[in-house]
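Trainee: I would like to learn how to read a model such as this one. Please take me through it feature by feature.

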Amino acid sequence: MELTTAQAAVLGDLMVDLAQDASSRQLREHLGERLLRLLRADQFASYVWQPSGDRFGDRVILNMSPANLDAYESHFQFHDPITRRLQRFRRATFVEEVMPRADLQRTEFFHDFLARDGLHHGLNHFAWVGPRNLGDLRVWRSATRPDFSESERMLLDLVGRAFTAALRRCVPPDSSVGPLAPLTPREREVARAVAHGLSDDEVASQLGMSFGTVRTHVGHIFDKLGVTSRTQLARVVLAAPEQ
């Protein structure tokens, strides 16, 4: 990935901004203008995920209509065929990875929301810390511009990692939602048994289920908590309050 001298300067300034103490909103406001220049994008939006209302809120936007975004927040985000699917990724993702452009252009979401602000080529990054989504970065280009390249996707991924770390510093822990909240009650039982060192055979015997069912639960637990080993799982589970 080769950066121009101007892009390298913008990236340096951007990383300095992300290292500063600031609120979530201040971070996203500082980041927006620089990100547009870094990625040669036309529009920028950033939201904070609000799980209690199952919605995106506290927007920061550049080069987008506030009235159009009002319509998004009140209606279109609940009829949005792409963003909830993009939200599942833990890396920068092209919009076309979740829906081909030709299909997207046939939707109400495209005609009555995206097209009104000229949003055509999209690239998103969602900031995840374990099971918690803290916020996002959404950049777009108009139809007259080329799509984002793989190098630009990788560049947003790099910025997104620093963005996630910065959000983690400035967003207080959610005391009402424990780290095991994404798990079902049965999955929590399995997770706690595994965290205390039991093998899958031992978990099956203790909880009265088959070995295959235990393996299925463990796979779901790893996916939901964003861990890749039993050691990582143990750290998450043993640090969590009993629920």
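Trainee: Leaving aside its neighbours within four places in sequence, which residues is Thr-93 in contact with?

Mentor: Some ground rules come before the answer. This is a predicted model, in which local features need pLDDT of at least 70 and side-chain atom pairs count only at pLDDT 80 or more, while totals for chains, interfaces and linings use all residues. Residues are numbered from 1 along each chain as its sequence is written, and side-chain values use heavy atoms, with hydrogens and water left out. Contact means heavy atoms within 4.5 Å. With neighbours within four places in sequence set aside, Thr-93 is in contact with Leu-86, Gly-122, Leu-123, Asn-124 and Arg-153.

Trainee: Where is Thr-93 placed, and is Thr-93 buried or exposed?

Mentor: Helices (H or I, at least four residues) and strands (E, at least two) are DSSP runs, numbered from the N terminus. Thr-93 belongs to strand S3, residues 93-94. For burial, the cut-offs are under 20% relative accessible area for buried and over 50% for exposed, with partly exposed in between (1.4 Å probe, protein chains only). The relative accessible area of Thr-93 is 1%, so Thr-93 is buried.

Trainee: What does the side chain of Thr-93 reach?

Mentor: A polar contact is a pair of N or O atoms within 3.5 Å; within protein, one must be able to donate a hydrogen and the other to accept it, and residues adjacent in sequence count only if both atoms are side-chain atoms. The side chain of Thr-93 reaches the backbone oxygen of Arg-91 at 2.8 Å.

Trainee: Which residues touch the most other members of the largest nonpolar core?

Mentor: In soluble globular proteins, nonpolar side chains tend to be buried together. A nonpolar core is a set of buried Ala, Val, Leu, Ile, Met, Phe, Trp, Tyr and Cys residues joined through side-chain atoms within 4.5 Å. The largest one here has 29 residues, and those touching the most other members are Leu-18, Leu-35, Leu-38, Val-139, Leu-156 and Val-159. Two or more residues of this core come from each of helix H1 (5-19), helix H2 (24-39), strand S4 (121-129), strand S5 (132-141) and helix H7 (150-170). Apart from it lies another core, of 22 residues, including Leu-183, Val-194, Val-214 and Ala-234.

Trainee: What does Leu-156 touch?

Mentor: Not counting residues up to four places away in sequence, Leu-156 touches Leu-35, Leu-39, Ala-92, Leu-123, Asn-124, His-125, Leu-137 and Val-139.

Trainee: How do the axes of H1 and H2 cross?

Mentor: Axes are lines fitted to C-alpha atoms, for helices over the stretch in contact, and angles run from 0 to 180 degrees between N-to-C directions. Angles under 35 degrees count as roughly parallel, over 145 as roughly antiparallel, 65 to 115 as roughly perpendicular and the rest as oblique. The axes of H1 and H2 come within 9 Å and cross at roughly 170 degrees. H1 is therefore roughly antiparallel to H2. Residues of H1 including Leu-11, Leu-14 and Leu-18 meet residues of H2, among them Leu-31, Leu-35 and Leu-38.

Trainee: Which helices do the buried residues of H8 pack against?

Mentor: They pack against helix H9 (200-207), helix H10 (211-225) and helix H11 (230-239). The buried residues of H8 (185-195) are Glu-187, Val-190, Ala-191, Arg-192, Ala-193, Val-194 and Ala-195. Just after H8, Gly-197 takes a positive phi of about 95 degrees.

Trainee: How do H10 and H11 cross?

Mentor: Their axes come within 11 Å and cross at roughly 70 degrees, so H10 and H11 are roughly perpendicular to each other. On the H10 side the contact is made by Arg-215, Ile-221, Phe-222 and Leu-225, and on the H11 side by Arg-230, Leu-233 and Val-236.

Trainee: Which side chain makes a polar contact with the side chain of Asp-200?

Mentor: That of Arg-230, at 3.1 Å. Asp-200 is found in helix H9 and, at 8% relative accessibility, counts as buried. Beyond four places in sequence, Asp-200 is in contact with Phe-211, Val-214, Arg-215, Val-218 and Arg-230.

Trainee: How many helices and strands does the protein have?

Mentor: The secondary structure comes to eleven helices and five strands. Of the 243 residues, 47% are buried.
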